[in-house]
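Work through the exercises below with the structure open beside you. Try each task before you read its solution.

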Amino acid sequence: MSDERFVSIEGIAKRYPGPSGGSTTIFENLWLPIKRGEFCCVIGHSGCGKTTVLNILAGLDQPSEGAVIVDGQAIEGPSLDRAVIFQSHALLPWRSVLGNVAFAVSSKWRDWSAAKVRAHAQKFIDLVGLIGSEHKRPSELSGGMKQRVGIARALSITPKMMLMDEPFSALDALTRGTLQDEVRRICLETGQTTFMITHDVDEAIYLADKIILMTNGPGAVLAEILENPLPKDRARIDIHRHPHYYGLRNHIIDFLVSRSKSFTQTAKNHDPRNVPVVRPALPEPSVISEPAA
Amino acid sequence: MPSSLSLRAAIVSVALLLVFLIGWHIATRGTGATATMSPEYARLMGATATQGKSAMPGPLDVGAKLWEHIKSPFYDKGPNDKGLGIQLGYSIARVLLGYLLAVVFAVPLGFLIGMSPLMSKALDPFIQILKPISPLAWMPLALYTIKDSSVSAIFVIFICALWPMLINTAFGVAAVRKEWINVARTLEVGNVRRAFTVILPAAAPTILTGMRISIGIAWLVIVAAEMLVGGTGIGYFVWNEWNNLSITNVIIAILFIGLIGMILDQILARFARMVTFPE
């Protein structure tokens, strides 16, 4: 299967029956290819259907039209190939940290012995830096630690793809920063293909290879795919000093503030099958004052 | 000196009990006023008329009788004179049998109703109509069809214990957080495994609450049921002692009904604590 179109979203739409017989279109005609090993971030306002797109990718929801192909196969329901990291972490509160990860491991490899499951689960608990907390219940963990367990659980089944629905939005800024570092490190090390939803522009710039801008719903479309111009070895602490940083950031903010509302009216030749790929660069030097004479 | 809250509460409890016992003792001391009457006539009259004794037994009478019962709880001197332990044993056995039958029936059915919106809607009218029926109203029908009074009492316990468990199980199963179900779905966990590893532990606290309500109702109903069916059991004992006009024994039976009810509730509360998880 081609790595260029490892994941291919092909013309999906989501419609709900309206109150007076008609139907409300949340989004329609969405086309998006995702490369193997790529980190994709979707940014858009609430209500544009980002979470629905993620749920369709996860197989938890079905599109009203269109299909999604992953690694050559159409999605027909939830699969162990695609791990989801939930916004609310969704840990089972009656199980320990180890129990939560082991639940995922034993779901994937049903014939494994208990010892083998434990050892495998432990490896991923170590990976997210939770050594020593294996036997704690989720209620004894901080929000950041809970989300680490969620990440460990998702990684432990060695999925082909990770789906993250605003995984850090419930965390404080410091914890969010460290977890972003962890996720970036793990994704780079393991070459995970990742699809993430976020509201946080800086998070998207730091983590994503491609940032997908989605217009406002109802009737949302994908407006642009931004290629991240920042170097692969970027670090969170000095990312804002990079010369491309503000160009990219301003472009996203401008989109969110004004263009996301007006895009569907103003962009007349927008082809949803070939969403324009934009690579924000340095602003061109321009003359700001003429010499006196 | 600050002392722990439970110690202070215990002191207040004991003080209230003492106040109650002393009040009871004073209230039942006796009237004092006795009429002189011929010995023949006096033998026909009770102690109230001849010695001015209160018709209501005092705490000391009850205490003495209680000690007698505790000394020999399991004597059996024929159908109308059995030890309190035997009578309570019969009642507990009936309650447990009817209750366990209800658990076996209600929990799987509640699961079905909770997991299937179709069954939930389809069975709802039956549950709504059957639930408010007083369990004792079933008694004639049970006696007529089962033709055995003891089994009928067990049936009545079954029918009264059924509804809280059924409704709580259905509610607990239907209210399992969507995200936990989604976790199971994304992990491709099969239906049976999902029911046992996700839905059952998530719904267990609600199910146990229903079971706790049920055991309380079952213990309430057994007394009334045994008054009707007669023969054995603490309910029969109460009614029999009322016919004997032994208010002392009635009071003792009331005390034991309360004690056993409390113990049954506490056992279920312990089970409930075992399955409760902090979030």
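**Exercise 1. Domains of chain A**

Which residues does the domain assignment of chain A give to domain 1, and which to domain 2?

*Solution.* Start with the ground rules. This is a predicted model, where local features need pLDDT of at least 70, side-chain atom pairs count only at pLDDT 80 or more, and totals for chains, interfaces and linings use all residues. Residues are numbered from 1 along each chain as its sequence is written, while chains are lettered from A and ligands numbered from 1 in the order in which they are written.

Now read the bounds, which come from an automatic or database domain assignment. Domain 1 of chain A covers 7–81 + 161–278. Domain 2 of chain A covers 92–158.

**Exercise 2. Where the two domains of chain A meet**

Find the distance between the domain centres of chain A, then describe the contact.

*Solution.* Step one: over C-alpha atoms, the centres of domain 1 and domain 2 of chain A are 27 Å apart. Step two: eleven residues of domain 1 of chain A and ten residues of domain 2 of chain A form the contact. Two residues are in contact if their C-beta atoms, placed from the backbone, lie within 7 Å.

Step three: look at the domain 1 side. Helix α5 (residues 173–190) of chain A gives the most to it, five residues. Helices (H or I, at least four residues) and strands (E, at least two) are DSSP runs, numbered from the N terminus. Step four: sort this side of domain 1 of chain A by class. It has nine nonpolar, one polar and one charged residues. Ala, Val, Leu, Ile, Met, Phe, Trp, Tyr, Cys and Pro count as nonpolar, Asp, Glu, Lys and Arg as charged, and the others, Gly among them, as polar.

**Exercise 3. Chain A against chain B**

Which elements of chain A give two or more residues to the side that touches chain B?

*Solution.* First, the totals: 18 residues of chain A are in contact with 15 residues of chain B. The elements asked for are β6 (82–85) and α2 (97–108) of chain A. The largest share, three residues, comes from α2(A). By class, this side of chain A has 13 nonpolar, four polar and one charged residues.

**Exercise 4. Domains of chain B**

How many Å separate the centres of domain 1 and domain 2 of chain B?

*Solution.* Take the bounds: domain 1 of chain B is 5–55 and domain 2 of chain B is 84–275. Over C-alpha atoms, their centres are 39 Å apart.
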